[in-house]
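Welcome! Please open the structure in your viewer and keep the selection tool at hand, as we will go from stop to stop together.

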Amino acid sequence: MVEHPDFLRKNDLIIIVSPSGVVVKDRVLEGIEILKNQGFKIELAPQVFTQHFKFAGTPEQRLADLQYALDHPTAKAILCARGGFGITHIIDQLDWSGFKKHPKWIIGFSDITALLHAAYHNGFASLHASVAQGISKLSQKYQEIYINNLRGDLTPLKAESEFNKAGLAEGILLGGNLSLLAHQIGTETELDYTGKILFIEEVGEPLYHIDRMMLQLKRAGKLKKLAGLVVGQFTDIKESKELFGKSVEEIILTHCSSYNFPIGFNFPFGHGEDNWSLVHGGMVKLMIEGRSSFMVFLLV
């Protein structure tokens, strides 16, 4: 089992870092204001608003900021300002020794999936949740859920879909952005999904890319020993079913057809206005019956 850092309380310090793509400053500041209004203290790492082509600084600058945050002795969370692309430029150079002395929640999703995987490799759970520049884009309901999740109120997730595959499962929840899951295969941050409940989401990809990435997971043996699969939002898809021949749900079901684990679709996490926080590395129970899916966190 992995270690769970303490959930956040009033006056706890959150450090904002930009380890991947260049950020939209105004939106990051909007997110920071929401967090401050909830009683959290905020520190900006030095290069948060730096731009180096499409990245938030050079690899050396981004690495220095993230290492500073990992080592910080009193911060309770590291909130990534944005995903995009770039975390894997620096992921293998991180030193986790200071983090292990002063563990804290690492928060983010999308490209930050790789960082969540690295935290798990080092024995720690993290939060697959909105990045700083995405907080103000969440619906009011999900802004409130986001803050409650940071404080440890992990209410069950519910979803409805006609594509569900019924069943019960219990296990450690791992996953993230589908592109990053495929990207981790063969690297130091590749995860073993045996007996785990995998969750996936994606944005801005054509259907044939989704097909190719699911096929990559299957060919690499990542699907055959899952305890369950949880499918979140696949938004801004760049190709029609009429052109490709299958929907996202049908692609996923095709590649999982040889296996006997439950699959729940349409969960409220991903690149939309409804982005529920998930404890990456946390124990969950998944219950799927008919159109209805429930996922309950088993943290104590």
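A pocket here is an open set of grid points, on a 1 Å grid over the protein atoms alone, where there is protein on both sides within 12 Å along at least five of seven lines. Keep in mind as you look around that this is a predicted model.

**Stop 1: the largest pocket.** The largest pocket has a volume of about 400 Å³. To find its centre, select R27, F109, G134, K137 and H271, the closest to that centre among the 18 residues that line the pocket. What classes of residue make up the lining of the largest pocket? The lining has 10 polar residues, along with four nonpolar and four charged ones.

**Stop 2: N177.** You will find N177 in strand β7, which covers residues 167-177. Is N177 buried or exposed? N177 counts as buried because its relative accessibility is 3%, and buried means under 20%.

Now show the side chains of E201 and E202. The side chain of N177 makes a polar contact with each: the distance is 3.2 Å to the side chain of E201 and 3.1 Å to that of E202.

**Stop 3: helix α5.** T113 leads us to the next selection, helix α5, residues 113-121. This helix is mostly covered, with eight of its nine residues buried. Colour the buried ones to see them: T113, A114, L115, L116, H117, A118, A119 and Y120. Then step just past the helix to G123, which takes a positive phi of about 95°.

**Stop 4: across to helix α2.** Select L116 again together with A64, and draw a line between their C-alpha atoms. These atoms are separated by 18 Å, while the two residues lie 52 residues apart along the chain. A64 is found in helix α2, residues 59-71. With a relative accessibility of 45%, A64 counts as partly exposed.

Stop 5: Finally, select C80 and C256. C80 counts as buried because its relative accessibility is 0%, and C256 is also buried, at 1%.

Terms used: Residues numbered from 1 in each chain as written. Predicted model: local features only at pLDDT ≥ 70, side-chain atom pairs only at ≥ 80, totals over all residues. Heavy atoms only, no water. Helix = DSSP H or I, 4+ residues; strand = E, 2+ residues; numbered from the N terminus. Buried < 20%, exposed > 50% of the residue type's maximum accessible area, 1.4 Å probe, protein only. Polar contact = N/O pair within 3.5 Å; in protein donor to acceptor, adjacent residues only side chain to side chain. 1 Å grid on protein atoms, 1.4 Å probe; cavity = no way out; pocket = protein on both sides within 12 Å on 5 of 7 lines; lining within 4 Å. Points joined across faces, edges and corners; volume = space filled by probe spheres on them. Nonpolar A, V, L, I, M, F, W, Y, C, P; charged D, E, K, R; others polar.
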